[in-house]
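Hi,

Here is the structure I promised to pass on. Have a look at it first, and then read my notes below.

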Amino acid sequence: MTTTDPRAKLPDAPLADNERLKGDSHHLRGTIAEDLKDGLTGGFNGDNFQLIRFHGMYEQDNRDIRAERNDQKLDNLKNVMLRCRLPGGIISPQQWLGIDKFAGEKTIYGSIRLTNRQTFQFHGVLKDDVKPMHQWLNELGLDSIATAGDVNRNVLCTSNPVESSLHKEAYEWAKKISEHLLPKTRAYAEIWLDGQKLHSTEDIVNAPLADSVKSGDATEPVLGKNYLPRKFKTTVVIPPHNDVDLHANDLNFIAIEEDGKLAGFNVLVGGGLSMEHGNTKTYPNTAREFGFIGLDKVLDCAASVVSVQRDWGNRSDRKNAKTRYTLERVGTDVFIAEVENRMGAKFEPIRPYEFTTRGDRIGWVQGEEGNWHLTLFIENGRLLDYPGRPLKTGMREIAKVHQGDFRLTANQNLIVANVPPEQKDEIERIAREHGLISDNITRQRENSMACVSLPTCPLAMAEAERFLPQFSDKVDEIMAKNGLNDEYIVLRVTGCPNGCGRSMLSEIGLVGKAVGRYNLYTGSNRQGTRIPRLFKENITEPEILEILESWIANWAQNRQNNEGFGDFAVRTGIVKPVLDAPRDFWVAQA
């Protein structure tokens with residue numbers, strides 16, 4: 001550690017209670033095993049309510065029926081949402097059939113939810129089925145370790161179905177980074193698998209750690225007894241496609257290709273989007289460039305960045321505990337120097353890279369190896385059988401015959417990957433018959449996204465997933481009226497300011513303020529490299545649509561060649577660009 005410990009710059013304040021909770025948890029065991037036997041409540045008691053997050057679950061209830069149940073003197077219908085660990089988002093058809101079966105038989109809602117963390121979620125699992133759920137996943141070679149809580153979460157990787165060889169290398173690094181940063185405690189296997197072998201990690205070979213990285217806790221040498229100060233997110237990105245929204249994440253490895261091979265990574269640190277309405281100490285921010293590293297230093301770099309954040313992050317104020325706040329407090333140069341010290345190497349200068357696109361390539365593309373890849377647009381990531389659109393059944397039928405793999409994307413879509421040419425027509429037929437392919441989906445709709453929000457998310461202030469489809473219909477009408485049928489605006493809706501739907505990297509972002517009311521942001525860009533600015537606060541859908549009518553008409557008439565809406569909004573003065581988020585994100589629009 002540096003001679004001048006940057007923790008000294010933290011205010012003298014008591015630790016957050018989460019620090020006590022983690023320290024007392026016996027490495028994430030708590031009393032979860034005993035709590036599972038408590039039939040008096042469908043939820044988890046005391047500290048266990050928080051500890052199950054480290055095992056990939058959140059306790060929820062259906063807020064739509066909460067008042068009705070309270071009137072009947074009934075407890076809330078408590079259940080859990082589970083998020084699978086799936087680095088890089090790749091899953092086999094056989095695994096898909098297994099998760100489809102569990103969702104249909106053992107969840108309240110029956111759906112599979114594709115999340116922008118490039119994995120799937122089960123929603124509505126009752127307490128009696130929680131342990132069987134983990135055992136079910138384990139038999140499929142899957143787990144949910146560290147997909148929530150104060151740890152490094154599911155590692156994202158550019159889906160890139162075209163450049164197969166480069167993607168394969170990048171994907172393997174996403175898996176290695178995920179495994180290197182996993183909690184080492186046996187709590188997950190002991191509680192959920194009765195101590196049995198964890199199939200998803202049986203091939204993991206733990207890379208050695210430098211002494212300068214180790215926490216001093218023998219069980220958790222990387223994460224420490226109290227784990228990280230706050231959640232931590234990592235990506236592996238292949239330019240020029242920023243489909244993972246790297247600036248939403250704490251640690252990013254940007255693949256640098258030389259002579260058709262992966263030469264190493266540019267490392268960017270400190271992105272993140274969560275904030276709190278009206279709290280100027282919180283802000284979204286883009287990641288900062290640290291430098292380039294060769295492949296021999298990737299795991300050392302990952303562990304070093306995590307360990308510096310572990311030691312220097314704010315453990316008193318959880319709203320200022322993310323990596324971006326540590327960087328701002330201690331200074332980027334100081335943070336970089338300490339990472340170099342711990343990984344035993346210097347960063348080289350950043351290698352040239354550029355991002356030109358975001359989102360997913362919906363439809364068929366052919367890869368360099370001759371196989372075909374079909375990206376399916378899954379609105380809001382929700383796979384369920386709807387009237388006339390049996391989406392979940394369609395995916396099950398594809399999984400029964402598909403010879404390749406599935407790739408979940410960071411934009412809530414799904415790629416049927418590595419389809420041999422002779423099977424392409426059959427996959428297309430199944431997809432069309434079940435509504436998984438539609439010729440009526442606009443580019444605007446394909447580039448819109450929402451978080452889950454109501455009725456299951458306890459933090460939601462306004463609708464998002466249930467709001468977006470009808471709202472998209474109205475935006476489509478505005479676009480068509482202005483001759484923009486083939487154009488799009490990156491549009492995102494979140495039910496609260498915690499950032500799950502990545503509104504703070506959208507050209508038009510709606511952030512829930514109250515039921516039926518949103519804050520309207522604009523001014524990001526299509527590449528996802530700029531934070532938008534608040535335009536108007538606490539407004540209703542009719543007010544939003546009236547503003548969008550004016551904006552889109554103006555954009556249609558006065559945009560420059562191929563100018564995206566966010567860049568247009570900045571150039572024409574609709575909003576001023578956010579150039580230095582810690583200092584100007586909260587500056588009111590003049």
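**What I found**

Leaving aside residues up to four places away in sequence, His167 touches Ile90, Cys157, Thr158, Ser159, Asn160, Ile238 and Arg407, where a contact means heavy atoms within 4.5 Å. His167 sits in helix α7 (residues 164-180). Helices here are DSSP runs of H or I with at least four residues, strands are runs of E with at least two, and both are numbered from the N terminus. With a relative accessibility of 2%, His167 counts as buried. Buried means under 20% relative accessible area, exposed means over 50%, and partly exposed is in between (1.4 Å probe, protein chains only).

Before going further, a word on the model: it is predicted, with local features needing pLDDT of at least 70 and side-chain atom pairs counting only at pLDDT 80 or more, while totals for chains, interfaces and linings use all residues. Residues are numbered from 1 along each chain as its sequence is written, and side-chain values use heavy atoms, with hydrogens and water left out.

**The whole protein**

The protein has 18 helices and 22 strands. Its radius of gyration is 23 Å, close to the 25 Å that the globule rule gives for 590 residues, so the protein is as compact as a globular protein of that length. (That radius is taken over C-alpha atoms, and the rule is 2.2 Å times the number of residues to the power 0.38.) Along the principal axes, the C-alpha atoms fill a box of roughly 65 × 60 × 50 Å.

Of the 590 residues, 60% count as buried. If you take the contacts between residues at least 6 apart in sequence, 69% of them join residues at least 24 apart. The exposed surface comes to about 22,700 Å², with carbon and sulfur atoms supplying 48% of it; the areas come from the Shrake-Rupley method with a 1.4 Å probe, and for residues only the protein chains shown count as cover.

**A buried cysteine**

Cys84 is in the loop between β2 (78-83) and β3 (90-91). Its relative accessible area is 0%, so Cys84 is buried. Not counting residues up to four places away in sequence, Cys84 touches Thr119, Phe120, Leu142, Asp143, Ser144, Thr147 and Asn154. From Cys84 to Pro390 it is 306 residues in sequence and 23 Å in space, C-alpha to C-alpha.

**Salt bridges**

I count a salt bridge when a side-chain nitrogen of Lys or Arg is within 4 Å of a carboxyl oxygen of Asp or Glu. By that rule there are 55. Here are a few to look up:

- Arg407, one of the residues that His167 touches, pairs with Asp405, and their closest N and O atoms are 3.4 Å apart. Both Arg407 and Asp405 are buried.
- Asp61 and Arg66 meet at 2.8 Å, N to O. Asp61 is buried at 9% relative accessibility, whereas Arg66 is partly exposed at 28%.
- Glu19, Lys22, Asp150, Arg315 and Arg318 are linked in a network.

**Helix α13**

In general, an α-helix has 3.6 residues a turn, so residues three or four places apart point the same way. Glu428 is buried, with a relative accessible area of 19%, while Arg432 is partly exposed at 39%.

Which residues of α13 are buried? They are Lys424, Ile427, Glu428, Ile430 and Ala431. These cover an arc of only 165 degrees around the axis, which puts them on the same side of α13; the arc is that of the directions from the helix axis to the C-beta atoms. Their cover includes β11 (363-366), β12 (372-376), α12 (391-401) and β17 (414-419). On the face turned away from the buried side are the exposed residues Asp425 and Glu433. Just after α13, Gly435 takes a positive phi of about 80 degrees.

**Helix α11**

Among the buried residues of α11 are Phe335, Ile336, Val339 and Met343. What covers the buried residues includes β10 (288-294), α9 (298-312) and α10 (323-330).

Happy browsing!
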